[in-house]
Amino acid sequence: MRTPSLSSFCFCPVFVSKLKKPSKGKAKSSLPQHLYRRFSLHEIRVATKNFDSHLVLGKGSSAVVYKGFFDDGASVFAVKYLQHGSSRQTMLEDFLNEAQLLCQLRHQHIVSLIGFCDEGDKIIIVYNYMSQGTLFDHLHGTGHHDPLPWKQRLEICIGVACGLHYLHTGAKRAVIHRDIKTKNILLDDQMVSKIADFAWSKIGPFSLSNAPIRIELPPLDEIDLETGQLGLLGTLGYMAPELFKDTTLVTEKSDVYSFGVVLLEVLCGRKVLKFDAGDHNHRHIISWVNEHLKNGRIYQMTGPYLEGKIAPSCLQKFLDIALSCVHVEEHKRPALGEVEVTLELALELQNKADFEVKRLNPHGEVMYEEEAFSASAFSFPDYQTDVLWPHGSSRVEDTFSWKSEDMLSDIEELCR
C-alpha cells in the first residue's frame, strides 16, 4: 500500500517529503514544522519519564498513550507512542493518516494536534491532554469517577454529534472516523467532549458530494483480543451490520450507527457487549434495549442512578433518535446534522420539564414518575436485533470463524 503524502491534505502550501526510515542522526520530518511543534526523542523521554508505566493514560491496538510533562512541567500533553506490534509500514501509514487529518481539522469537539516526533525508529504524536479521561471511564466506573448526571450526558453527546457533523460536512473534504466509541470520546477539564483517534479514518469526497468511499478491508477474523478491534473494520459491538456483509464499502452512515450505539450506552450505563448476560440474544446492548422496550420496561433501562431523573418527553426524543441511528438499513439512518438538532431538542425538553417541576415544588428534588410507553411508540422490526452476528448465526464463534474456546473466553472476560 502506498504511503500517503501529507501535502495533499494540509491547507498550507508546504514542501513535504515522503516519510522514510531515517538514517542515523537528525530525522527529517514529513509534517509542516511551522504549524506544529517538532519534539525531540529526548524531550519525549524526559516528559514521560522514559515512558513510565505509571503515566499510561490508555492502550489501543497499536499504540500506548502517556501523560507527558513538557517545558519543565508548564505544559501537559498526551503522548501517543505507536508500538512495533504492526509492521513499520503499517505504523507509518497510521501515523500519517492521523497526522494528515488533524493537520486540517479545527473544531472545539475534536482533539487538537500539538506536534510529533519521528526520530530514529520512534513514531509519536502529541495531543492536548484531556484531564477527565474518556467517556467510557465515567460510564463504567473506571478511574474512580462519579456517575454523570443526565443533562451532562446529553451535553457530551451533543458535543460529539457536533464534532461528527463537522467531520462529515464541515471540513473541506468529508472525513469518516470509522471507530466511534466511548473510549475514543475524551473529556477536558470542563467536561467538553472531544473526538479522538483518527488512525483508521478515511478522507472522503468533497463535503458537497454524497459519493461513498470504497476501500479494501482485511478479513473479519483478524481480531485484537485486548481492544475488541476487528482488523480495520472497527470495534466489535459498535460496527454497523453492513460492514459484515460488504467489506469494501464504508460511508458516513457507519459512523452514525456507531454513534447510535454510543447513545444507548450513555442512556443505559451498560457496556455494549456483555457475555455474562445469560441469553446470547441479550449480549449486545441493542438487543437488550429492544427487549426492554417491547416489554414496556423503559425506565428500567436507565439504571438506578438515572431513575426518575429523565423527563418522559426527553427520554422519548432521545430514544427516537438513538434507535433511528442504529437502523439496520443504512440509508434510513439520519444525517449527523439531524442527530445534533434532535439531541439539542431533547436537552431543551429536559430543561423545560425541570423548570416546571421546580416551579411547582421549589424546595423538592426534581423527580419524574414512571410513564408507560406503548410498544407502538417504537417500530421494533426496523431495528437490527442480531447485531453481533448479522449473518443469522446463533453462535459468535461461527460468525467470526473462531476455532478456539480459549479465544472466546478471553473476549468474554474483556467485555464484562
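# Bridges, strands and burial

Guide: Start with a pair of residues: in β6, Y81 has I124 as its bridge partner. This is a predicted model, where local features need pLDDT of at least 70 and side-chain atom pairs count only at pLDDT 80 or more, while totals for chains, interfaces and linings use all residues. Residues are numbered from 1 along each chain as its sequence is written, and side-chain values use heavy atoms, with hydrogens and water left out.

Visitor: What makes β4 and β6 a pair?

Guide: Two strands pair if DSSP finds at least two bridges between them. β4 and β6 have five, in the antiparallel sense. They therefore pass.

Visitor: How do you know that β1 and β5 pair?

Guide: Two bridges join them, in the parallel sense. The cut-off is at least two, so they qualify. R37 has its bridge partner, G115, in β5.

Visitor: What order do the strands of the open sheet take?

Guide: The six strands run β1-β5-β6-β4-β3-β2, with mixed pairing. β1 and β2 (56-59) stand at the edges. Each has a single partner strand, so one side of each lacks a neighbour in the sheet.

Visitor: What makes β3 and β4 partners?

Guide: Eight bridges join these antiparallel strands.

Visitor: Why is β4 called largely enclosed?

Guide: Seven of its eight residues are buried, so the rest of the structure largely encloses β4. Buried means under 20% relative accessible area, exposed over 50%, and partly exposed in between (1.4 Å probe, protein chains only).

Visitor: Why is S75 called buried?

Guide: S75 sits in strand β4. Its relative accessible area is 19%. That is under 20%, so S75 counts as buried. Leaving aside residues up to four places away in sequence, S75 touches G68, F69 and F70. Contact here means heavy atoms within 4.5 Å.

Visitor: What makes D71 and R37 a salt bridge?

Guide: The term asks for a side-chain nitrogen of Lys or Arg within 4 Å of a carboxyl oxygen of Asp or Glu. The closest N and O atoms of D71 and R37 are 2.9 Å apart. The pair therefore meets the cut-off. D71 is in the loop between β3 (63-70) and β4 (75-82), R37 in strand β1 (residues 37-38), 34 residues apart. Helices (H or I, at least four residues) and strands (E, at least two) are DSSP runs, numbered from the N terminus.

Visitor: Why is D71 called partly exposed?

Guide: Its relative accessible area is 38%.

Visitor: What makes E242 and R333 a salt bridge?

Guide: Their side chains meet at 2.7 Å, N to O. E242 lies in helix α5 (residues 242-245) and R333 in the loop between α9 (312-325) and α10 (336-360), so parts 91 residues apart are tied together. Both E242 and R333 are buried.

Visitor: How many salt bridges does the structure hold?

Guide: It holds 10.
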